[in-house]
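Subject: Handing over the two-chain model

Dear colleague,

Here is the structure that I would like to pass on to you. Please look it over first, and then read the notes below it.

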Amino acid sequence: MKPLIGTTCPGPRQSELRKGRDGANRIDRVYPTCDGQRVRELRDLPGTRVNGQSSEVARLQLLVGAEPSGDGADHGTAAWLTRLCHVAVRELDAAGVGISLMTGEGSSGTAAASDATSEIIEELQFTLGEGPCMDAFATQRPVLAPDLSQEASSRWPWYSPAAQGHGVGAVFAFPLQLGAVRLGALDVYRRHPGSLSSAATTLALTFAHVATMTLLAGQEDAADGQSPDGIDEALETRYEVHQAQGMVMVQLEVTLVEAMARLRAYAYLHDRRLGVVARDIVTRSLTLERDDQ
Amino acid sequence: MSTLSAERVAKVFVEVTDTLVDEFDVIEFLELVTSRASELVGSSAAGLLLADENGRLQFMAASDEQAHLVELFQVQAREGPCQDCYRQGTPVSTSDLREASDRWPLFAPRAIAAGFRSVHAFPLRLRKEVIGALNLFGTSTGEIPAADVQIVQALADLATIGLLQERAVRHSEIVTEQLQGALNSRVTIEQAKGALAQRHSISVDEAFQLLHSYARTHNLRLGDVARSALTQPSEAPDLTST
């Protein structure tokens with residue numbers, strides 16, 4: 001019996017990333033159902049053997065899931081994002097990491113940070129009305145400033161000296177986005193000027209991707225370490241998933257973000273791969289109804 | 001000696017560089033490059049793939065964007081001439097796809113079924129790095145003449161420079177920023193295709209044409225129209241109302 005989405009059940013959930021004999025990664029999950037039973041599920045992570053590489057995404061999710069939470073609430077998206085910031089600091093060898101959420105209308109706020117100083121620096125951008133994460137959000141591409149002292153006269157005349165005053169020498173901002181859906185940005189801070197290595201850049205982009213998918217999927221999946229939609233989809237169906245997002249948005253007359261959630265929910269509840277559901281929607285053999293759950 | 005007239009080649013290059021203005025649209029730019037490359041050597045179709053941060057080739061633009069053709073490009077994320085080209089950093093071609101089924105068991109049969117017989121892939125090179133591939137298909141067998149190969153490679157190199165917006169790239173930051181921007185633009189377009197297809201009860205291919213014609217008629221960038229259609233539908237009533 002699978003628990004319904006949104007139903008919380010008591011008892012610990014455990015997820016473990018395992019490598020099968022064929023080299024593919026699998027998630028081995030055990031979770032309790034509402035009638036007190038325990039269900040074990042072995043899930044494939046599709047697309048994890050592209051170019052012989054295993055899924056970094058799954059590894060990061062499990063790291064975040066295993067990260068001890070600080071004081072305060074254990075649950076919720078904000079707590080999960082804070083743990084992501086802590087993991088990112090270690091993995092990226094950063095002085096700090098922050099995540100801010102923004103909307104097109106300009107309302108914004110810091111959602112999570114690895115430490116108090118990073119939180120202050122995140123807030124600085126909104127106070128001053130300028131900064132790399134705002135630019136990343138606006139331009140829909142990463143904004144990488146390997147040397148803040150070079151940016152004072154051009155890009156961020158107030159933010160640069162202020163951030164440097166807090167000991168930041170370099171900032172790398174990555175938008176949290178998926179096509180037209182824009183959620184905010186993830187900032188990586190370093191004390192000393194210098195470019196992010198290629199490997200660190202890829203890893204930071206993966207953190208941003210994981211954060212985006214978590215924000216879109218909700219906390220339920222985040223706690224489980226379940227792979228949210230879109231990340232490990234077979235390469236050939238990736239664009240169909242995005243097309244299906246647009247179609248469902250119109251079908252159900254909801255926002256694009258909600259359309260993504262409904263697609264995912266449908267796939268989960270009917271135990272079907274998201275890419276297959278997407279293909280059915282694109283070929284018109286499946287239409288989501290407004291009261292479809 | 002190239003079979004192409006110098007004048008014709010020059011026209012194409014001027015046209016491509018003319019699009020590199022401040023507010024250019026990256027997907028439209030890549031479409032232009034693929035169309036012109038295809039026309040220059042008389043191939044039937046061309047497409048362009050870029051590698052994402054994980055080194056996976058993602059379809060970005062084609063001379064003729066139809067779903068069955070796009071699949072041919074997408075399958076090359078796993079295997080095919082673009083994959084080989086990307087890894088080796090050199091042009092890869094096959095003059096007769098019917099002999100390539102061992103080499104590309106996934107790609108070759110599909111390309112043949114789509115009516116193609118020859119294929120050529122050119123690397124998008126940035127100094128020592130390869131960021132993607134330009135792919136040309138022909139319905140007849142045969143090679144592209146060597147001199148023409150040089151011209152297409154030059155066009156591919158121009159596409160790379162245009163994409164990265166710097167004549168001499170000083171920082172790897174620019175590469176990451178521009179590529180991620182381009183990759184995300186493509187996702188937005190796919191989302192918009194779906195929304196418009198649903199809205200007007202048309203195919204996603206027709207929806208793509210609609211996006212293009214709307215952008216042209218209103219002198220807007222393709223990416224901006226796609227984004228509008230998804231997030232501010234009331235601003236583009238001709239496009240978004242039934």
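Chain A averages a pLDDT of 79, and 70% of its residues score at least 70. Over residues 44-54 of chain A the pLDDT is below 50, although that stretch has 26 contacts in the model beyond near neighbours in sequence. Residues 222-232 of chain A also have a pLDDT below 50, with 39 contacts beyond near neighbours in sequence. Where pLDDT is low, the predicted coordinates should not be read in detail, and I would treat those contacts with that caution.

As for its make-up, chain A contains 10 helices and 8 strands, and buried residues account for 48% of its 293 residues. If one takes the contacts in chain A between residues at least 6 apart in sequence, 58% of them join residues at least 24 apart.

Chain B, for its part, is divided into domain 1 (6-167) and domain 2 (185-240), whose C-alpha centres lie 25 Å apart. The contact between these two domains of chain B takes 10 residues from domain 1 and 9 residues from domain 2. On the domain 1 side, the elements that give two or more residues are helix H2 (26-40) and strand S2 (57-62) of chain B, with H2(B) giving the most, 3 residues. By class, that side of domain 1 of chain B has 4 nonpolar, 2 polar and 4 charged residues.

Turning to the contact between the chains, 32 residues of chain A are in contact with 33 residues of chain B. Strand S6 (143-145), strand S7 (170-178), helix H6 (198-217) and helix H8 of chain A each give two or more residues to the chain A side, and the largest share, 10 residues, comes from H8(A). The chain A side as a whole has 16 nonpolar, 14 polar and 2 charged residues.

Running over residues 238-252, H8(A) has 15 residues and reaches 21 Å from its first C-alpha to its last, close to the 21 Å expected at 1.5 Å a residue. Of its 15 residues, 14 are buried, and just after the helix Glu253(A) takes a positive phi of about 55°.

Finally, the largest nonpolar core has 95 residues, and those with the most contacts inside it are Leu84(A), Ala211(A) and Leu211(B). Helix H6(A) gives the most to this core, with 10 residues. Apart from that core lies another, of 56 residues, including Ala77(B), Ala100(B), Phe107(B) and Leu163(B). To return to Leu211(B), its contacts, leaving aside neighbours within four places in sequence, are with Ala192(B), Leu196(B), Leu222(B), Val225(B) and Ala226(B).

With best regards

Technical notes: Residues numbered from 1 in each chain as written. Chains lettered and ligands numbered in written order. Predicted model: local features only at pLDDT ≥ 70, side-chain atom pairs only at ≥ 80, totals over all residues. Helix = DSSP H or I, 4+ residues; strand = E, 2+ residues; numbered from the N terminus. Expected span 1.5 Å × (residues − 1). Buried ≥ 20, exposed ≤ 12 C-beta atoms within 10 Å, placed from the backbone. Contact = placed C-beta atoms within 7 Å. Nonpolar A, V, L, I, M, F, W, Y, C, P; charged D, E, K, R; others polar. Domains from an automatic or database assignment. Core = buried A, V, L, I, M, F, W, Y, C linked by C-beta atoms within 7 Å. pLDDT = per-residue confidence, 0-100.
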